[in-house]
Amino acid sequence: MPHDRARPRPVRPAATARSAVFLAAGVLALPALTGCGAGDEPSTPAAGQDIAPAARDRIADGSTMKWAVDTLPETFNSFQSDADATTTRVAGAVLPSMYRTDAQGRPQRNPDFLESAEVVERAPRQVVLYKLNQQAVWGNGREIGADDFAAQWRALSGKDSAYWTARNAGYDRIGKIERGANNLEVRVTFDKPYADWRSLFSPLYPKEVMATPDSFNDGARTKLKVTAGPFVLKGVDRSAGRITLQRNPRWWGSPAKLDKLILRSVPRDRRAAALAEGRVDLADIDAAEASRIALAARDKDAPGALAHGPGAQLTPARALRSWAIAHGSDEEAADTEQRARKKARKAVAKYAEQQTGLRGYVVRKSLEPAYTQLALNGSEGPLADDRVRRAVARALDRGELAETVLKPLGLPAEPVGSHLALAGQEAYADNSGALGDQDAAEARALLADAGWTPTAVTEKGAKEEDKERDKERGGKEEGEEAAGGEAGSRTRSESGSGSRSESESGSESESGSESESGSESGSRSESGSGSRSDSDSDSDSGSRSESGSESDSDSGSESNSGSGSGSGSDDGTYIVGEDDNKPGGTATPALSPDRAAAYQQSVLLRQADALGARREADKEYKKDPGGKSKKARAEARADKQAEKQAQGGAPGAYAPKGTLAPKGTSAPKGTTPKGVKPAAGPLAKDGKPLTLRFVLPSGAGSEPLRGVADRISRMLQRIGVRTEISKVADESYFKDHVASGQYDLALYSWPASAFPATDARPIFAKPVPAADGSLNVEQNYTRVGTDHIDQLFEQALGELDEDENRSLVKKADARIWAAAGSIPLYQRPQLVAARPNLANVGAFGFQTPVYQDIGFLRASAKTGGSPSGD
C-alpha cells in the first residue's frame, strides 16, 4: 500500500464565484514577509526523477513488460467519478493528450497530436486556436479534428445533466467551438477568460464516446473501441486481474518499443512475492520492500543463513530450549512445539527463496508529485476556533516529520512550503511564514487566548467528555478491528502488561515474519532496515521488539497505564498526553478572546496583503532593472506597512502581545526538547480537557504514517494538547471518517497539479449550504475556507498573464496557510522496483510517462536481469 494509504483523487468541478466577504483567518508578521519574498525565486525539484533514461536506439524492439497496478479500473472514462490511477495510466497510453507535464511539472505541448496552440484573441473574448498534427488519426482511420473537441465540450460543459460527469472546470467557460480553416484547426471561444486552458482536452476521447449520454455513461466503462495512442486496448481479463495493451499499428509517431504492456493487479501487501516470483517487471513499492531488495543485493554472495527475516532473532539458548520442549516428556507441549518449529522452517525457506528472487530488481526512487498533510477539521469542536488550529500548527516541527519519513530513504527531507505547488514548479513559493515557524511558547499563548488553560478537569467534565466521545463513535468502530486489521493486537502498552519500542525512522518495517520455533523463539523483529516478510508465519507467544531511532517507551507519551477513556478498547483507541498529575497553576489571557478575535478580524487583510507588496516590488524591479532605488523604496514601504501592522503583537498566527502561556508542571520525561519550556499538563476549558481525536488507518503498510502521527501527538503534548488515537479500518478511513468529517486530526495526501487554480480550488473552497440543507464542502474535507481565498482562485482562473496568475496563486496559498486548516508536511517518497535492464521508466516525479520509449535495453547494453515472458 502507499506509505500513507490515503490519497484522494482531485476532481475538477465547475468553479463558482462567491462574494468577497473577508473573514479573519490568520495574520502575517514582518519576519514571514522577508521569507516569502525569497520564495519567489525559481525553484528546482527537491529530487530528480529516476527512470534509467536511454536513447531509443539502445532499446530492443519487442518483448512484454508487466507493470503492477493496485486494482483494475471500474471505468476507462477519466471524467467519471470512479476513475482511478489505472484509468489514467491506460488513457495516457491509448488516448490523445494535447499537453503533458515535464520533469518540472510544467505543461508541454505534445507534438504527436498538436502542432501549435495559442491564444489568438483576448478581447472581447479569449480565443485559443489549436492546429492538430495532420497525421493524427483514430484507430478507425478517421482524423482527429474539431468535431471531437466539440463533442467533448458538450459532454463536459455541465449543461446536460444526463452526462454523469465528475468534473467540468474549464469546459464550463467555453462559449463555442468551431472549425478554423479546416477540420484540423479548432477555434475555442471562451465566455469567461480561462488561464488553465492547457488543461483541457487531455485526454481527448473520440466523438463516438462523447456524442450521447448513453455512450458517455456506459460505452467507455469496460472497453475503448476507438483509440489513438502508441498502444491500443487489446483486452481486459478481470478474473486474471490483467489489462493488455498492444502496440498500435496505426500509430504515426515513434513506434512503441514494447509489443505488449500488461497492467497486472497486485495488492500492495503482495508486491514482494509477485516481484520475487517474476510475475511483474515494474512495481511501486513501500520502504519495507525497498529494504528487502537492498538486502537481497547485499546478501548475493554471503555464505550461510540470512541475518534477517524469520528466525534471525533465534538465539542458541532459545533454540536449545525449543529442541528440549519438542523432545520432552510433555506430549502436548512437544506436539505444539514441533508444529511451531515446522511452520518456522517453512517461513525461513519461503523468505530465503523470495530474497533470491528479489536479487533481479533495483529500486528507483524520487519524490512523488504529492504531499502529505495534517488535516484539521474546523467544522466543530476545539478546532472550530482558528486560534486552536494555529496553535496546533505552530507546535509542529515539520522538518523533523519530513526527516522521519524521507531521511532513512536517502531522499531530501525538506518540509513542503505550499499547498498549491511543489518545489520545482513555477507556482511554488514557501508561504509557511504566513502562519509562523514552530514556536511552542506562541502555541501555548494562542491556546490561552482561546480560553484553554491548565484548570483542573472536573470529574463531571471528564465523564461528560467520555460520554460524548462514545456517542460520536456510536458502535461503528467496535467491529472495525476485524475489518481493518490491527486494532487491539497492535495497541500500545496501556495497562502495564508489556512494553513496545517502535521505530519511527520513516518506515516501521519488519525484518521478517515472526519466528515460531519455540515458545520463546517467537520474537518479532522490526529493524530500521525496513525489510518485511511476506510469509504467513504467526507467533502466538513471543514478545515483540521493534528497534528504531527513537523508542516510544522512553518518551513517556505512549505508556498510558491507567489513562482511562478508551485506553484499553478493542477499536485501537488510546490517548496520548493524558496523565494523572494535576496542573500546577493557571493563567488567564491578558487580552480577552472576544477582543482578540475582533482585533484579528480588523488586521488580517492588511497583514496578508503586505506579503504581496514585496512581491509587487520585485515585479517592478524585473520590469525596470535599472530602477534599483525604486525597488528599494517599494520594499521599504512594504516593510514599514508590515511593521506598523505588527505593533502591539500580531494576533492570529501570533498571539496578542501580553498573552501569557500556561505555567505549571512539566510534561512527561523525554517529550520536551532542550530549550523548550514544557506545557502545564493537559489544558481544559469549562471543565473539559482539550483532547483531539486523531484518526488513522490500521492496516498493513500504514506503520510509517502512524509513526508520524505518534510524533505529532508528542509535539502537541508539549503544549498541553492530548490526542485520542483512533485506528480504523482502511476501507472506512477516508470515506467514513475524513470525507464525512468524523475526525479532529487526520493524515492524507493531495497530488500536485500543473494547474493549481483549477485543480486545487475545490480542495480549499469555502463550504456553502446546499439546496437540500446540507453543507457542500466539495473536496475541502477540513471545512476551513474563506471568501477571500475563493476570490483569489477565481481571479487566478481568469488571469491570462502568467506572472500575475502565479502571483495570485501564491497569495491564495498564503491565505490558506493563515487559515490553518491543513498543514503540508513532506513530499511523498516514490519507490519503484524495476528490472535493471528496463529503460525510461521508474520514479517519474512530475513527468508524464512517454509510453512509446519504455522498453528493455538491447543485449549489448544490458546491466542485468532479463525481460520476463507473458
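Author: A cavity is a set of points, on a 1 Å grid over the protein atoms alone, where a 1.4 Å probe fits but cannot get out, and its lining residues have an atom within 4 Å of a point. The structure above is a predicted model, in which local features need pLDDT of at least 70, side-chain atom pairs count only at pLDDT 80 or more, and totals for chains, interfaces and linings use all residues. Residues are numbered from 1 along each chain as its sequence is written, and side-chain values use heavy atoms, leaving out hydrogens and water.

Reader: What makes up the lining of the largest cavity?

Author: The largest cavity has 15 lining residues, and His419, Pro751, Ala752, Ser753 and Ala760 lie nearest its centre. Strand 20, helix 20 (756-759) and helix 21 (761-764) each give two or more residues to that lining. Those element names come from DSSP runs numbered from the N terminus: helices are H or I with at least four residues, strands are E with at least two. The volume of the largest cavity is about 110 Å³, counted as the space filled by probe spheres set on the points, with grid points joined across faces, edges and corners. The whole structure has 7 cavities of 30 Å³ or more.

Reader: How many residues of that lining are nonpolar, polar or charged?

Author: The lining has 12 nonpolar, 2 polar and 1 charged residues. Here Ala, Val, Leu, Ile, Met, Phe, Trp, Tyr, Cys and Pro count as nonpolar, Asp, Glu, Lys and Arg as charged, and the others, Gly among them, as polar.

Reader: On to the rings. What makes Phe79 and Tyr171 an aromatic pair that is edge-to-face?

Author: Rings of Phe, Tyr and Trp (its six-membered ring) pair if their centres lie within 6.5 Å, and planes under 30 degrees apart count as stacked, over 60 as edge-to-face, the rest as tilted. There are 19 aromatic pairs in the whole structure. Phe79 and Tyr171 sit 6.3 Å apart, centre to centre, with 90° between the planes, so they pass both tests and are edge-to-face. They come from distant parts of the chain, 92 residues apart: Phe79 from the loop between strand 1 (64-69) and helix 2 (85-94), Tyr171 from the loop between helix 3 (146-156) and strand 6 (174-179).

Reader: And what makes Trp750 and Tyr781 stacked?

Author: Their planes are 10° apart and their centres 6.1 Å apart, so the pair falls under the stacked cut-off. Trp750 is in strand 20 (residues 745-751), while Tyr781 is in the loop between strand 22 (775-776) and helix 22 (787-798).

Reader: Why does Trp750 count as buried?

Author: Buried means under 20% relative accessible area, exposed over 50%, and partly exposed in between (1.4 Å probe, protein chains only). Trp750 has 2%, so it is buried. Tyr781, at 12%, is buried too.

Reader: How do you know that Glu208 forms a salt bridge with Arg142?

Author: The cut-off is a side-chain nitrogen of Lys or Arg within 4 Å of a carboxyl oxygen of Asp or Glu. The closest N and O atoms of Glu208 and Arg142 are 2.9 Å apart, so this is one. Glu208 lies in helix 4 (residues 207-210) and Arg142 in the loop between strand 5 (127-132) and helix 3, 66 residues away. At 36%, Glu208 is partly exposed, whereas Arg142 is buried at 18%.

Reader: How far apart are the closest N and O atoms of Arg390 and Asp386?

Author: They are 3.5 Å apart, so this pair also makes the cut-off. Both residues lie in helix 10 (residues 386-394), about one turn of the helix apart. Arg390 is buried at 0%, and Asp386 is buried at 14%.

Reader: What is the phi of Phe201?

Author: The phi of Phe201 is near 60°, a positive value in a residue other than glycine. Most residues other than glycine have a negative phi, and most peptide bonds are trans, which is why such cases get pointed out. Phe201 sits in the loop between strand 7 and helix 4, and at 0% relative accessibility it is buried. Two cis peptide bonds can be named as well: Ala123 to Pro124, with omega about 0°, and Ser202 to Pro203, with omega near 0°.

Note on methods: 1 Å grid on protein atoms, 1.4 Å probe; cavity = no way out; pocket = protein on both sides within 12 Å on 5 of 7 lines; lining within 4 Å.
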